[in-house]
Protein chains: 2
Amino acid sequence: MSDLAVEPVLGFLERNFDASVARLCDLLRIPSVGTDPAFAEDTRRAALWLVERLRAIGLRAELRPTAGMPIVVAHDPDAPRGAPHLLYYGHYDVQPPDPLAEWVDPPFAPVIREGPHGKRVVARGAVDDKGQLMTWLEAIAAWKAVHGRLPVRVSVLVEGEEESASANLEPFLRANAEELRADVCVISDTGMLGVDEPAITIMLRGIAYCELRVRGPSRDLHSGMYGGAAPNPIHALCRFLAALHDEEGRIALPGFYARVVEPEPEIRAQWTRIPFDEKGFLESAGLARAVGEAGRSTLERLWARPSCDVNGIWGGYTGEGSKTVIPARAAAKLSFRLVPDQDPQEVIEQLRAFLAARIPPDYHWELVPMGTGRPIRVPADSSFVAAARRALARVFGKEPALVGCGGSIPVVATIKERLGMDSLLLGFGLDDDRPHGPNEKFELLCYLRGQLAHAALLAEAARARA
Amino acid sequence: MSDLAVEPVLGFLERNFDASVARLCDLLRIPSVGTDPAFAEDTRRAALWLVERLRAIGLRAELRPTAGMPIVVAHDPDAPRGAPHLLYYGHYDVQPPDPLAEWVDPPFAPVIREGPHGKRVVARGAVDDKGQLMTWLEAIAAWKAVHGRLPVRVSVLVEGEEESASANLEPFLRANAEELRADVCVISDTGMLGVDEPAITIMLRGIAYCELRVRGPSRDLHSGMYGGAAPNPIHALCRFLAALHDEEGRIALPGFYARVVEPEPEIRAQWTRIPFDEKGFLESAGLARAVGEAGRSTLERLWARPSCDVNGIWGGYTGEGSKTVIPARAAAKLSFRLVPDQDPQEVIEQLRAFLAARIPPDYHWELVPMGTGRPIRVPADSSFVAAARRALARVFGKEPALVGCGGSIPVVATIKERLGMDSLLLGFGLDDDRPHGPNEKFELLCYLRGQLAHAALLAEAARARA
């Protein structure tokens, strides 16, 4: 148990908020598009920036090589012996910024704009995950600045391949399990229910992401000379993708729902009471009404039901004007969001079997898995969840909701499997932040409250039983 | 009737063949991709090249401006009074060369390669239509070189927008009908049944080409945050495109077949006898078997039955790696090949009605027509068809077949409508020439025989009754 006071830390964060915004903008200016080889050097630069910042605030930080992007690891040289140990996880890579034309400001030139909740920072990575990881990093820095030390043991793990399936994280955790094992992993990569509505995420959907490539003729054909007598791979691809959902919005893969578990009745009951602004959620996406699986509420569809989306499709002539071609090839990227206890590998095999049964023999096809992540359920009754509830209640003046999250943070499963610990998911994003889309933003109010909440969590965690 | 001998003209063409290949390569080196604004200057350059060539062989040629690419028009200043009048039509624009990576040699650096029929020239436009238009241009040049004059009246019309729907040809023909009207239009933009199997095309399919744009959310969404509750425009597009064909390979638009006329029984009977190498036709496209409308032969499917192909599709993330997005937009280019007496405008309206009935209200959609052409039937008993049969029989030593063509030459309908004359379609392409695809080629044997056939046609046409 620590005897350090949290109030001066909170005051320090409020007084020095502008400097923390400037630091976030520095990080956002680095175009660390980890999925695109063209940005490899920039992505590495973001890792270096973090190492330098961690060292500046008094942690022992270093860049650890992997087969891909390096991993930033830091430890506290003055860690209080016997105190609970928290491992902070984040990622410094960001999604590609396309479609570029839809950005009002360039994606890697962060700007502060006014919105209904005051100022916000607009840039790729503003909320996912640079802005969010900076909330805990600033909180740690404030504790160090005010008290010279932290009330708990702290380690840091920031990777650069989260947006491209974290291929090198799992072997890294395996090789360094002894060093990285802690009592709990703290992650800020999730959201709140509103700017005044804190939340702790206790369910995360998993993911199975694939690319499907279909080939028909061995070369592009003239659609006049061959049209009506040659197989068109775009047709085969469309017919297959159209068959993935039935008329009720359910996914048609045989066996797909066999392992799906419904959430506990009290959790579902709580979801009917939480202040979810469904109208605002839909309007922020320009939607008049929700769609999806029949007989389910929007929150259930997003948090507790699996989904399938085609994330990209291409084939044939896509330039200006017209070209009368039957293309040799067409392809699509598609992904499934999974819920406990679905198994991503099993879903990919179900997809493969569905393909084998449905694509006619006139086509060659190939299914390329591009990343999986298991769905997650976090025990809601741990002492760290209790500490986080107290920390959030202190900063927001109300109890946080226990929510699900439609997105995937596959690292939560990897950490559970490799380091044997649960994760504490407290995030500060809003539904309209547009992660992965153009004009991604992070409310400065959320940025500040995130810092305050993490500062309070450090104090509360000192009282938690590991 | 002309008293000029054809034999010395044929001999001249044989002796000077290498020079004619060099001229064709000069023209092929100009990247006249008329559909792409980036190549506008190059496309104009191809028109200028033709004007210069036509002047060099003794015609009065000029570049006539349009709202788009200029049209090359030429007349013979020494035209024999009272002789039949032939208008030669061709086009100097070519299809875009993509996919570029699949070309063995660069598309606009013509090379001579060896093949099973001897030498061939490989380049974008080799057969469609630069190589083919050069067959008649070289024949005219040879008559002029040998005799100083032509046995019939000759005019020339070469446009630069055939591959992008000839938007400016129709107003040009309307404005210049008096100048351009002749007894018959001669076009070489079709094929033979084999290198030794000449053909005259008496049926051409028409076309209706559209772009279909679908919008779901107002912005790209994170597929985790919205997946399962937001409409995905790729799904809507795929479901719609998948519904365009029924299980029998028939097109599902209500009313689509109402105006389709079956060819005369004697034409269909002839088609069962002609030496169509179906196996070779399929193998050249890497296909093991023909597909298409149930209960129809491959030649019927290609020549006498309508078809529908998606020529391009795109939406969402199509770069390297993975991106978990629900895109705001998706689109496809699609086209219908039509047969007499289908009406392209009516088919577009049928498509629009099918869309309105099938795309759910969660999506906005837009259908952009991008060119139409009416299907054509040429009277098989005209004196010019008879002249062409004699000319081809002389060069090839056998009677030509009367065939259909799956491709569209919309100008044939436009010329019929605006100038009141039929077209004579004798072409020298082969099924494996890959027009519109990578590594397009033209056999030099076909190039030579085309020149000889056109030289003979000029003599035979002098005996035709206009």
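Predicted model: local features only at pLDDT ≥ 70, side-chain atom pairs only at ≥ 80, totals over all residues.
1. The same surface serves both copies, since 100% of the contact residues of chain A recur in chain B.

2. On overall form, chain A holds 15 helices and 18 strands, and its C-alpha atoms fill a box of roughly 80 × 50 × 45 Å along the principal axes. A compact globule of 466 residues would have a radius of gyration near 23 Å, and the 23 Å of chain A agrees with that.

3. On packing within chain A, 56% of the 466 residues are buried, and among contacts with a separation of 6 or more, 79% are between residues 24 or more positions apart.

4. On helix α3 of chain B (residues 40-56), the 17 residues should span 24 Å at 1.5 Å a residue, and the end C-alpha atoms, 25 Å apart, agree with this. The buried residues of α3(B) are Thr43(B), Ala46(B), Ala47(B), Leu50(B), Arg53(B) and Leu54(B); seen down the helix axis they fall within an arc of 125 degrees, and therefore line one face.

5. On the surroundings of that helix, the buried residues of α3(B) pack against several elements of chain B, including α2 (17-28), β1 (60-64) and α4 (130-147), whereas Glu41(B), Glu52(B) and Ala56(B), on the other side, are exposed. After α3(B) comes Gly58(B), which has a positive phi, near 105 degrees.

Methods
Residues numbered from 1 in each chain as written. Chains lettered and ligands numbered in written order. Contact = placed C-beta atoms within 7 Å. Helix = DSSP H or I, 4+ residues; strand = E, 2+ residues; numbered from the N terminus. Rg over C-alpha atoms; globule rule 2.2 N^0.38 Å. Buried ≥ 20, exposed ≤ 12 C-beta atoms within 10 Å, placed from the backbone. Expected span 1.5 Å × (residues − 1). Arc of directions from axis to C-beta.
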